[in-house]
Amino acid sequence: CALLQEVKAVVSTQSTGKVQREKPRYNFHFILSKPPNHYTNLPFDYHHPSNFLLILLQLPSNTFTTYTTFLFCSYNNNQIILPKKMSRTSILFSISDRVGVLEEYLSVIKRHDVNMTRIESRPSKNSNWDYDFFLDFESNPDNQDKVDGMLAELRESGVEVTKLSEGEIQKGVSQVPWFPRKISDLDEFGNKTLEYGSELSADHPGFTDEVYRERRRVITEIAQTYKHGNPIPRIEYTPDEIKTWGQVYSGLKKLFVTHACRQHRYVFPLLEQNCGYSADNIPQLQDVSNFLKECTGFTLRPVTGLLSSRDFLNGFAFRVFHATQYVRHHSTPFYTPEPDVCHELLGHAPLFADPDFADFSQEIGLASLGASDEDIEKLATCYWYTVEFGLCKEAETVKAYGAGLLSSFGELEYSLSGKPELRPFDPFEACKVKYPITQYQPLYFVADSFQGSKEKMRHFAETLERPFSLRYNPYTQSVEILDTRDKLVNLANTIKSQAASLSSALQKLKFLD
């Protein structure tokens, strides 16, 4: 939903698929959301979105005294309006509470005619300010000067502004790619898949199978409706799908005993007991997600296909794994050209129940927030050689923990056959190594431990070019930019409290001994 100054097309209905060109009529629904579940819907009907700022200026002065979210929709006779392609610019700043302060800053935005799509406020955690504001704007090359002018005027008025942008980074301009600030922001890109989903490439095993294609379409449409906080839709799998799953499940389970790492071997029977893992039943994502959340706080989120590296890794920062729900084509049960539910539940899910592995995965995710495209490529490569195709030491042997190995019969055996090259895991080296995606890996990196790998990733992340540090708040499931003294003091107090609890526990253990 957005406030649109131009309309590219109006889609009449899904059945006809016709595109009509006409002048739209804007209808705004201004929603104030206050905890716990109170909503006020203020409908307005204007012909031009710039009037939205006038609405804000007319609000009571106490509107922003609690956490408030503004959502607006634009319709044209109940039809969907498609905007021209635009990116989003997000800014955050803090203000002191005084008479007319909100009107003052909103007037700056109005003067520059910037199209605002979201504004949020909450009490500031900085003692120097009263409220923190988060604003999203539509931006493109045509209006970038307006956005920059608005930011410059805000800074001249004494406001400390942090700019977060989505889209191409201009050379010589200091800005940070847009990133999700709270777990519900993952809804912003949950359906922005790169390929597959309901559409199959010509070399896909199910490309000519119309029944399979239709089944994939139905399952991906179910995933498209998902929003954070909702139960994950349950899939009623067909006998053919369960048969394919059973073939993969039974074959891999035998190999897990000798090839999988200790953590995977420990968790897998628990998944059978608690989540319905068996050869004749495909577990539901919601049941597995509930189990993982109890173990490490990790959750699953349905996705229609492959996400970009940035979006996928951003999810890890919030301990969220995007998982598909469809099953590979029955003609090739031991091969799939893209992730499917067998890969997600047999390869990935068990390790997310291990605390050290969960922490390691989140470390990669946190490093990806606001990272440059170049650094995203480095992090994605580290992810490939660990979470997907990683090996680890276990006593005097080497075992597999990467999901790409644990969901592939052939490569799981090959990786431990002595044929490929093995190197100790070092993110500074791994990030430079190109990897093939259509054949077995010629090189695997071996981790000493998940805990050790986490520390190495943390050290690696500190060398990436990012003008701020982040902290994940597990209570609010949000990330906080550590850019003020007060935020650092709050973090130090949290660590101090945790250290006191640790000290107390150690003293009690010493007394018992």
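1. The second largest pocket is lined by 39 residues, and those that lie nearest its centre are Pro337, Glu338, Pro339, Trp384 and Ile437. The elements that give two or more residues to this lining are strand S13 (193–195), strand S15 (306–307), helix H8 (309–317), strand S16 (320–323), helix H9 (341–348) and helix H11 (373–388), and H11 gives the most, with 4 residues. Helices (H or I, at least four residues) and strands (E, at least two) are here DSSP runs, numbered from the N terminus. A pocket is an open set of points on a 1 Å grid over the protein atoms alone, where a 1.4 Å probe fits, with protein on both sides within 12 Å along at least five of seven lines, and lining residues have an atom within 4 Å of a point.

2. On the basis of the model: this is a predicted model, in which local features need pLDDT of at least 70 and side-chain atom pairs count only at pLDDT 80 or more, while totals for chains, interfaces and linings use all residues. Residues are numbered from 1 along each chain as its sequence is written, and side-chain values use heavy atoms, with hydrogens and water left out.

3. The second largest pocket holds about 1,200 Å³ of space, where a volume is the space filled by probe spheres set on the grid points, which are joined across faces, edges and corners. By class, its lining has 20 nonpolar, 13 polar and 6 charged residues; Ala, Val, Leu, Ile, Met, Phe, Trp, Tyr, Cys and Pro count as nonpolar, Asp, Glu, Lys and Arg as charged, and the others, Gly among them, as polar.

4. H9 is mostly covered, since 8 of its 8 residues are buried, namely Val341, Cys342, His343, Glu344, Leu345, Leu346, Gly347 and His348. Buried means under 20% relative accessible area, exposed over 50% and partly exposed in between (1.4 Å probe, protein chains only).

5. Strand S14 (residues 299–302) is joined by 4 bridges to S16, and the two run parallel, with Ala323 in S16 as the bridge partner of Pro302. Two strands pair if DSSP finds at least two bridges between them. Thr299 and Arg301 point one way from S14 and Leu300 and Pro302 the other way, and all are buried. In the loop between H8 and S16 sits Arg319, which is buried with a relative accessible area of 12% and has a phi near 60°, a positive value in a residue other than glycine.

6. Helix H3 (residues 144–156) has 13 residues and reaches 18 Å from its first C-alpha to its last, close to the 18 Å expected at 1.5 Å a residue, the expected span being 1.5 Å times one less than the number of residues. Its buried residues are Gln144, Val147, Met150, Leu151 and Leu154. Seen down the axis of H3, these buried residues fall within an arc of 130°, so they line one face of the helix; the arc is that of the directions from the helix axis to the C-beta atoms. An α-helix has 3.6 residues a turn, so residues three or four places apart point the same way. On the other side of H3, Asp145 and Glu156 are exposed.

7. Glu153, in helix H3, is partly exposed, with a relative accessible area of 22%. Glu153 and Tyr105 are 48 residues apart in sequence and 9.4 Å apart in space, C-alpha to C-alpha. Just after H3, Gly158 takes a positive phi of about 100°; this glycine lies in the loop between H3 and strand S11 (161–165) and counts as partly exposed at 45% relative accessibility. Gly158 and Ile95 are 63 residues apart in sequence, yet 9.4 Å apart in space, C-alpha to C-alpha.

8. Strand S17 (residues 391–394) is joined by 4 bridges to strand S18 (residues 397–400), and the two run antiparallel, with Leu391 standing opposite Ala400 in S18. The hairpin has 2 residues between the strands, and there Ala395 takes a positive phi near 60°, although Ala395 is not a glycine. At 77% relative accessibility, Ala395 counts as exposed.

9. S17 also pairs with S20 in the parallel sense over 2 bridges, and in S20 the bridge partner of Leu391 is Val446. Strand S19 (residues 421–424) is joined to S20 by 4 bridges, again running parallel, with Arg423 opposite Phe445. In strand S20 (residues 443–447), 5 of the 5 residues are buried, so the strand is largely enclosed by the rest of the structure. Leu443, Phe445 and Ala447 point one way from S20, and Tyr444 and Val446 the other way.
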